[in-house]
Amino acid sequence: MNLSTAGSEKRAKEVGIRKVSGAKQSFIIGQFLTESVIIALLAGIISMAIVQLCMPAFNSIIGARLSVPFSNPLFWLLFTGFILFTGLLAGSYPAFFIASFKPVKVLKGSFKASHAAINPRKVLVVLQFTFAIVLICSSIIIQRQIKYAQERDNGYNKNNIVYHTLNGDLTRNYQLVRDELLASGAATSVTKTSMPISNSGSNSWGLEWKGKDPDQKIVFDQICADAGFVKTMGLRLVSGRDLDLQKYPTDSAACLLSESSVKVMKFKDPLGQIIHKDDVDWHVVGVFKDFIWGSPYETIPPMFVMGAKGWLNGINFRISESGSLSGNLQKAEKIFKKYNPEFPFTPQFADQEYAHKFDDERRTARLSGSFAALTIFISCLGLFGLATYMAVSRKKEIGVRKVLGASVSSITTLLSIDFLKLVIMAICIAIPVAWYAMNIWLKHFSYHLAVEWWVFACAGLAAIVIALFTVSFQAVKAAIANPVKSLRTE
């Protein structure tokens, strides 16, 4: 719309002559709408090629496998309909605007188009930059939220921890596998658990302890573990000790508590306390610092670690840091295949699984950033169209100013200030919208950062710089134009 109406004065005489020659207004409207639809059709063909080229990258961003259904007639029907809709919508205002020119005024040279089209185009530019600024703010805040959660202390050393399901003969041969992993130097510690340390999957409110309010129902994360759990996972003990079945055979009914659990249970001295669950009296032997088992964006719930009497579904081992990682993994693979030949070696790395917790937010950030860049580009096209229009409509004014001694810099500033007002207006609209939207989004996470003012200041400043850079070409071009050409009478 902006680019079409920007060239309206150039086509004003064409419309005037057509009308004098007997062309009806409906015919002129149809002509301009047809031109707009043809442009939309060409754009649609080019866009289809771009979609095919960008589809692999887009699929990697969204984590899906999309494709264009060329063989589906409904697709082509919708594609054609969308092109017609776009062409008619984009061409409607310019068509009706240009067709409404009065031939007498146009042919006399007294027609001025600037006052007729300025308001609608300003609204379009303000809306475009409003969307762009909102997306810039959103991209910055989403990226900062991801970094904020990534830098959070996860409470354990996730590097070099490998989890493998106890499938096939591994349950029967666990002790042999454990001993060989340690003897070969591939691992420094080994333990069994009910599930990986990187992904939560079990909780319960059925715990009983001395002094508990009978009406109180507190949900505890729960995991079962064998000897060496604290050492293998790299947890930090606050008091007590790790599970150790060789030294303490009764540790099959022992348990560990997190700091949050101790606070919830209101234990002054947790060691030796009895926790009743599933018809077993678990005795507390150690307390560890809270670690992130579930989402890094949420508060850490209290945790209860049961000993070997619980269910154990996987083997965990910490790869030795002496020697190469690949070499130690090859040693581990040989040991697993030796005692479990019917099943493949399928290790899960705790650090990689932990990194997957941020996939959704990373995907949102990439999409937001991509659409922000696209929106800014489209906004600049609209602003360029408006700058072209203003330069054409004010060329005689600029010529008079130059004759009277105005400098190039003063004329450039004069033309740019109008666009700066539009961008500032967009900033005033976009900042409250972005602030509200991001606060709503952040409320989905218990652990989140605060929205700071500098984010909006940076987004607004970026929009101003982009806008001034976009209009500067047309402003300078108009300012250095020869005033003789703009002031002469044809």
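This is a predicted model: local features need pLDDT of at least 70, side-chain atom pairs count only at pLDDT 80 or more; totals for chains, interfaces and linings use all residues.
Residues are numbered from 1 along each chain as its sequence is written, and side-chain values use heavy atoms, with hydrogens and water left out.

Q: Why are H14 and H15 called roughly antiparallel?
A: The axes of H14 (residues 408-442) and H15 (residues 453-479) cross at roughly 155 degrees and come within 8 Å. Axes are lines fitted to C-alpha atoms, for helices over the stretch in contact, and angles run from 0 to 180 degrees between N-to-C directions. Angles under 35 degrees count as roughly parallel, over 145 as roughly antiparallel, 65 to 115 as roughly perpendicular and the rest as oblique. H14 and H15 are therefore roughly antiparallel.

Q: Which residue classes make up the contact of H14 with H15?
A: Contact means heavy atoms within 4.5 Å. Among the residues that meet are Val408, Ile411 and Thr412 in H14 and Phe456, Gly460 and Ala463 in H15. By class, this contact has 20 nonpolar, 3 polar and no charged residues. Ala, Val, Leu, Ile, Met, Phe, Trp, Tyr, Cys and Pro count as nonpolar, Asp, Glu, Lys and Arg as charged, and the others, Gly among them, as polar.

Q: What makes H3 oblique to H4?
A: H3 (residues 25-62) and H4 (residues 73-99) pack at an angle of about 140 degrees, with their axes 7 Å apart. That makes H3 oblique to H4. Their contact has 18 nonpolar, 6 polar and no charged residues.

Q: Why are H3 and H12 called oblique to each other?
A: The axes of H3 and H12 (residues 359-393) cross at roughly 140 degrees and come within 8 Å. The two helices are therefore oblique to each other. Phe58, Ser60, Ile61 and Ile62 of H3 meet Arg363, Arg366, Leu367 and Ser370 of H12.

Q: Where does H3 bend?
A: H3 bends by about 50 degrees at Cys54, and Pro56 follows within four residues. The bend at a residue is the angle between axes fitted to the seven residues ending there and the seven starting there. H3 spans only 48 Å between its end C-alpha atoms, whereas a straight helix of 38 residues would span 56 Å.

Key
The expected span of a helix is 1.5 Å times one less than its number of residues.
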